[in-house]
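Work through the exercises below with the sequence and the 3D view open. Each task is followed by a solution in steps.

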Amino acid sequence: MPDARKTKFLPPPLVALAAWILPGSGYWLIGQRARGLVVGVTILLLFFAGLLIGGIRVVDSPWIESPQQMRERQSKLPLNPVASLLQKPWFIGQIFAGPVVLAANKVGVSWGGGDEGAPFSHSRVYEIGTLYAAVAGMLNLMAIIDAAYRAGNDGGR
């Protein structure tokens with residue numbers, strides 16, 4: 001019989017939200033502490049490795065922009081939010097890594113207090129960093145789904 005201390009009932013949407021806010025915390029909430037720690041550390045290390053490889057601007061949200069990007073966008077035809085997102089498809093994968101993605105993007109566009117923000121890297125390392133950040137987000141999406149499933153099914157036992 002499973003240990004009653006480790007089996008907790010939490011609504012799956014709450015577990016999924018917690019797992020998005022802090023990678024690994026969904027497992028932590030349902031009592032799988034070791035799994036939560038390993039998954040959380042792995043996802044965050046992968047995300048920050050992407051930032052270290054390609055620079056902080058590998059996270060490029062279609063909605064958080066530097067003043068220069070905003071002027072450039074306004075000079076073109078207005079786009080709806082879906083079209084803006086589809087112009088930067090890698091952000092779809094990255095956002096699943098949690099609010100840390102939005103914080104990194106905000107830091108990137110306001111870096112140095114200038115008009116341009118942090119510089120973009122223009123080499124293969126930028127692409128590799130973008131890929132690392134997106135893979136971290138997709139890995140966290142799988143962890144979110146798994147933790148929510150386990151929360152709804154008695155911890156997956």
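A salt bridge is a side-chain nitrogen of Lys or Arg within 4 Å of a carboxyl oxygen of Asp or Glu. The model is predicted, so local features need pLDDT of at least 70 and side-chain atom pairs count only at pLDDT 80 or more, while totals for chains, interfaces and linings use all residues. Residues are numbered from 1 along each chain as its sequence is written, and side-chain values use heavy atoms, with hydrogens and water left out.

**Exercise 1. Describe the overall make-up of the protein.**

Step 1. Count the elements, taking helices (H or I, at least four residues) and strands (E, at least two) as DSSP runs numbered from the N terminus. The protein has eight helices and zero strands.

Step 2. Of the 157 residues, 36% count as buried.

Step 3. Look at contacts, meaning heavy atoms within 4.5 Å. Among those between residues at least 6 apart in sequence, 73% join residues at least 24 apart.

**Exercise 2. Find the salt bridges and place their partners.**

Step 1. The whole structure holds four salt bridges.

Step 2. Arg-35 and Asp-146 pair through their side chains at 4.0 Å, N to O. Arg-35 is in helix H3 and Asp-146 in helix H8, 111 residues apart, so this pair links distant parts of the chain.Arg-35 is partly exposed at 35% relative accessibility, and Asp-146 is partly exposed at 23%.

Step 3. Asp-60 pairs with Lys-88, with the closest N and O atoms 3.3 Å apart. Asp-60 lies in the loop between H3 and helix H4 (67-74) and Lys-88 in the loop between helix H5 (81-86) and H6, so the pair ties together parts that are 28 residues apart in sequence. Both Asp-60 and Lys-88 are buried.

Step 4. Arg-124 pairs with Glu-127, the closest N and O atoms being 2.9 Å apart. Both lie in helix H8, three residues apart, about one turn of the helix. Arg-124 is exposed at 61% relative accessibility, whereas Glu-127 is partly exposed at 44%.

Step 5. Salt bridges with shared partners join Arg-35, Asp-146 and Arg-150 into one network.

**Exercise 3. Which residues have the most contacts inside the largest nonpolar core?**

Step 1. Apply the criterion: a nonpolar core is a set of buried Ala, Val, Leu, Ile, Met, Phe, Trp, Tyr and Cys residues joined through side-chain atoms within 4.5 Å.

Step 2. The largest such core has 19 residues, and Phe-47, Leu-51, Val-58, Val-59 and Val-101 have the most contacts inside it. At least two core residues come from each of helix H3 (33-54), helix H6 (90-95), H7 and H8. H8 supplies the largest share, six residues.

Step 3. Inspect Val-59. Beyond residues up to four places away in sequence, Val-59 touches residues including Phe-47, Leu-51, Phe-91 and Val-101.

Methods. Buried means under 20% relative accessible area, exposed over 50%, partly exposed in between (1.4 Å probe, protein chains only).
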